Each structure stands twice: as C-alpha cells, then as structure tokens.
Amino acid sequence: MFKKHFGTNSLRWLLALVVLLLSACGNIEEPDSPAASPPPAGDGAPLTPPPMADPIRPEECTAYVSTNGSDEETGTETNPWATFQHAADMVEPGATVCFRGGTYATAETHLSQSGNSEGLISFIAYPGEAPILDGESSANQLLILTQHTSYVRISGFTLQNFNIWGLELSGENRHVQLDHLHISGGEAAIHFTYGESVESAPSEGPVEYITLQDSIVHDSIYSAVDCTPGPCNHMVIQRVEIYNTGRGAESFYGSDGLEFARGYPVLVEDCYVHDNGGDGIDLNSRDRQGNATGVIVRRNLVVRNALNGIKLWAGGRIENNVLWGQGNCAIWTGSFPCAMEVVNNTVAYNMWNPASERNWSLVVGYPEEMDSPPVSLILENNIFASNAEPLEGGATGIYLGPGVKLLRERHNLFWSREEGEITAEFVTGRDSDFSRAEIADGTWAAVTGQGQGEITEDPRLVSSWPNADLHLQAGSPAVNAGSADGAPDDDAEGHNRDNTPDLGAYECIQ
Ligand SMILES: [Ca+2]
Ligand SMILES: [Ca+2]
C-alpha cells in the first residue's frame, strides 16, 4: 500500500525537502530536458535515458525507413525503405525521413544530398521511437556528410559500435543541425573537418553554422567532439553531456571532451562535461594569431576532467560556469594575444584527487607558446576557493602573466592559498605573489588600481570534495557581494540575478 501511493511526485517533494534542508540556496528545480540540466553536483552518474528527438508530427514524415523495410520499396509508411544510405540517396530538399525504432546494422553511410535555405533534409526518429545505428564493430564510420553537403538535420539517433568516427562532417558543410543524438565509442564521437594532422590546413575546407544540441556523447578514445584541424566557425553547442572520453590507454593529451583547434565564433552553453581524460572544453589551440571573437563558454558544469576544465587559448568570455574536481588548472586562458572575460564562475575543489597535479586555479597569459602574450582581462564576481587540498601545498591561487592588462578586476573571492592567492607577473618592483592578507589590507588594490570589493573569506559552499556542491550556503559572504553592472542577468541555472548579484555561478535563491 505504501509503495502504491508513494509516487514520483512524492519522491520529488521528498528530494526537494532534503535539498532545502541541506541548503537554503540549493537548486530545487526540475530538469527541463534530458540532457539540459546537470544533475546535482557530486552525482557523477551519466544522464539517462538517451534523449529522444523533439516531437514532430507523424504527418510531417515524407518518407520512412524501418528495420523490416526494403530498399526496393517506395519509402512510404506502409512500404518503408531499409537503409539510411538508400534514404540519403533518394531525398530532395524539404524531405523528412522518419526512422522507425529498432537496431539498424549500418555500414559506412555517405550523405551527399543537400537541402537548401528553403528546406532542410531531415533524418529523424519517428515520433516516440528510438532508431539505433550499429556499426557492429566493423564500420569505421557511420554517418559521413561528404564535402559540401549542407542544410541537413540529423535527430534522434543512437550511434554505436563504430571504430573511428560516429559522425563526420568532412568540410564545406554548412547549416547542419544535430540534435537528440546519443553517440558513444570510437576514436571520436563527432569529428568536424578533415586534415592530415592537427597542424595542417583542412583538406576539404571548414565547417560552419553547425548546431549540436540536447545530445549525449561519451567513451571515445580521443576527443569526443573533435574539430581538428578545423576551422569550425559559427558553432553552437547547447545542452550536451560529454563524458568518459580518453579514459583508456590513450588518455590525457588530445583526449578532451570538446576540442576545437580552430574557428569562431563558438557558443558552448548549458553543457555537462565530466570525467574526461584530457581537458573538458578546449578551444582555439591552433588559432595562434589570437583575438578569436565571439567565443562564449557559459553555464556549463565542468567536473573531474583529468587536465584543465576550460581552456580558451585565443580569447573569449567564460561566464557562470561551475568547475570542480579537475586534475590540473581549472581555467587556462590567453596563450595568444586576446581579450578574456572571466565573470561569475565558481572554481573550487579542483586538484584534490591524489593523482592531480598542483597548479593554479586560473591561468591567464602564461608564457608558453609565446613570450608574454598580451591579454586584456576582465575578472569579476568569481569565486576561487579551496583549490588543491590544503595539506598538499603547492601553487593554487590564480596566475596573471607578464602580458596581462587588467581592464577590470574586482569583486572576486579568494580562498585557496593564504601566502599567494594572486600571482601577478606584470607587477614590477615587488614580489609577484600577493597573499590573502595583502588583498584584504588593500595592498593589491594600491598596486594595481583594481581589486574593489574583493573577499578573502571562506565562501561557505554547500559541500566539498569528493562530492562537491558549489551552491552557496545561506549566509555566505559571497551573497550580494557582486558588481551589478558586470554580472550576467541570470545565473548558471537561469535564476534571475537581483540588483545585488552574488559571487560565483549560482545566485542564492532563498
Ligand atoms: Ca587539450
Ligand atoms: Ca543576490
């Protein structure tokens, strides 16, 4: 009887109550789409189930593919085709090919028909059904958009058991919409552009105007979503969960969750990027001229990646992200000349894993690829706290390189390394390390002309490593401590920030 009446709603209320008891600032909102909202921080479990396609109406289907169909048939609902390849060869602009549920043994499939600006060609799961494209460990690739194939939508498929790439856009592909996909395995789940090496020019050209939304990609050998050599321009990545890539024998360098070597603008938002063997999000590593414009990385939950969490080499805005559990520096930016904005992020409990390397929690303009890359920096409303387990020692404050110019640095909270919260190599005439006390007593502000509203207290986050929850506890000194004109309108979870924004990615919602 108890079980019978203890339904889903009751469970939700109970969960909500537990969260409320834990923290007055906790997130108690329901996820609004399968891959949209990260689970409570600390829950490393993959988001399931695989996302389904946005519903279309059955009457929108113009052709059908079914596991019991035949390519000799006409592709109607009652006489469906059998293979993706046949459907791809038959379609014209405006076509909507609906795939019935079931597992399709799939060989390398080349999509060479384009839609146009009046009508995409859509390959989509039939409403409510789940087609699976299975390479049976013999196909090296599953879906290949050949050079110039454009105006295509691919939605609602699972791609599995391929050896190299699940989905490839080989070059000169534009206006491609990828959504509600579940792709696992291979060397990369999704590969954009083609070239001899990361350093070479793309042999089939760039890809541009691509959206990847509401999808799950994981367990590739190298980078899960890989744009090398690039460039990938005008890219939108939203609500994608990327995890467990590069965890095998080939792990670490070159095994990022999202790796775009070249190209911009790029928007990466509302993604959950976790437990990858390299970096979480790595953009513009080969854009050596610097000054990448329109690169925005915001509202992502970036957790337990073995190297850096977010790495923007050539500029951009990093906003409202939550980063914990990285095995190395959480945010690494500005290796080339550029403008960087780092605003309202919560960066805490990185480098606590015993396998971690001790490094700074934020790096801007480190002389590595270039001597003293010139970087103009806005650094505002962030929390940097408890980065690296305190007993381990090591450099865990933030690093600002010799070429950094502070446009605005204010309203940040520093609570990691008492003797060196900020290392500022551009400062001359004194030691470049600024202690917590020197931030608190105004020394940092006097030297730089910045540093208004800084906080050097424990931010009182909800919970620590290894089950970190970086929401603020009620009464945190970060509450209402932000700069209003610098803060984004909403927080990482879409809550409107008030006139007194909190520091970090989460506004405290009472
Ligand atoms: Ca990388
Ligand atoms: Ca507030």
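Thr 146 counts as partly exposed because 17 C-beta neighbours lie inside 10 Å. The scale runs on other C-beta atoms within 10 Å of a residue's own: 20 or more is buried, 12 or fewer is exposed, and partly exposed is in between, with C-beta atoms placed from the backbone. This is a predicted model, in which local features need pLDDT of at least 70 and side-chain atom pairs count only at pLDDT 80 or more, while totals for chains, interfaces and linings use all residues. Residues are numbered from 1 along each chain as its sequence is written, and chains are lettered from A and ligands numbered from 1 in the order in which they are written.

Thr 146 sits in the loop between S7 and S8. Strands (E, at least two residues) and helices (H or I, at least four) are DSSP runs, numbered from the N terminus. Beyond four places in sequence, Thr 146 touches His 110, Leu 111, Ser 112 and Ser 170. Contact takes C-beta atoms, placed from the backbone, within 7 Å. Gln 113 is 33 residues away in sequence, yet its C-alpha is 8.9 Å from that of Thr 146.

Tyr 151 belongs to the loop between S7 (141-145) and S8 (152-155). Tyr 151 counts as buried because it has 22 C-beta neighbours inside 10 Å. Outside four places in sequence, its contacts include Pro 93, Asn 116, Leu 120 and His 175. Its C-alpha is 8.7 Å from that of Ser 122, 29 residues apart along the chain.

## Whole chain and core

The protein chain has five helices and 38 strands. Of its 510 residues, 56% count as buried. Among contacts with a separation of 6 or more, 70% join residues 24 or more positions apart.

The largest nonpolar core holds 140 residues, and Ile 331 and Leu 362 touch the most other members. Strand S16 (residues 232-243) gives the most to this core, with six residues. Such a core is a set of buried Ala, Val, Leu, Ile, Met, Phe, Trp, Tyr and Cys residues joined through C-beta atoms within 7 Å. Setting aside neighbours within four places in sequence, Ile 331 contacts Gly 309, Ile 310, Ile 318, Leu 323, Val 342, Val 347 and Leu 362. In soluble globular proteins, nonpolar side chains tend to be buried together.

## Strand pairing

S16 and S18 pair in parallel over four bridges. Pairing requires at least two DSSP bridges between the strands. Val 236 has Leu 267 of S18 as its bridge partner. S18 also runs parallel to S21 (residues 295-298), joined by four bridges. There, Val 266 partners Val 295. S18 (residues 266-269) has a covered face, Val 266 and Val 268, and an uncovered face, Leu 267 and Glu 269.

S37 (residues 461-463) pairs with S38 in the antiparallel sense over two bridges. A hairpin of five residues links S37 to S38. Both faces of S38 (residues 469-472) are covered: Asp 469 and His 471 on one side, Leu 470 and Leu 472 on the other, all buried.

## Backbone exceptions

Most residues other than glycine have a negative phi, and most peptide bonds are trans. Thr 228 and Pro 229 are joined by a cis peptide bond, with omega about 5°. Another cis bond joins Tyr 264 and Pro 265, with omega about -5°. Pro 265 lies in the loop between S17 (258-260) and S18.

Asp 270 has a positive phi near 60°. Its loop runs between S18 and S19 (272-274). Asp 270 is buried, since 23 other C-beta atoms lie within 10 Å. Arg 304 has a positive phi of about 55°. With 23 C-beta neighbours inside 10 Å, Arg 304 counts as buried.

Terms used: Contact = placed C-beta atoms within 7 Å.
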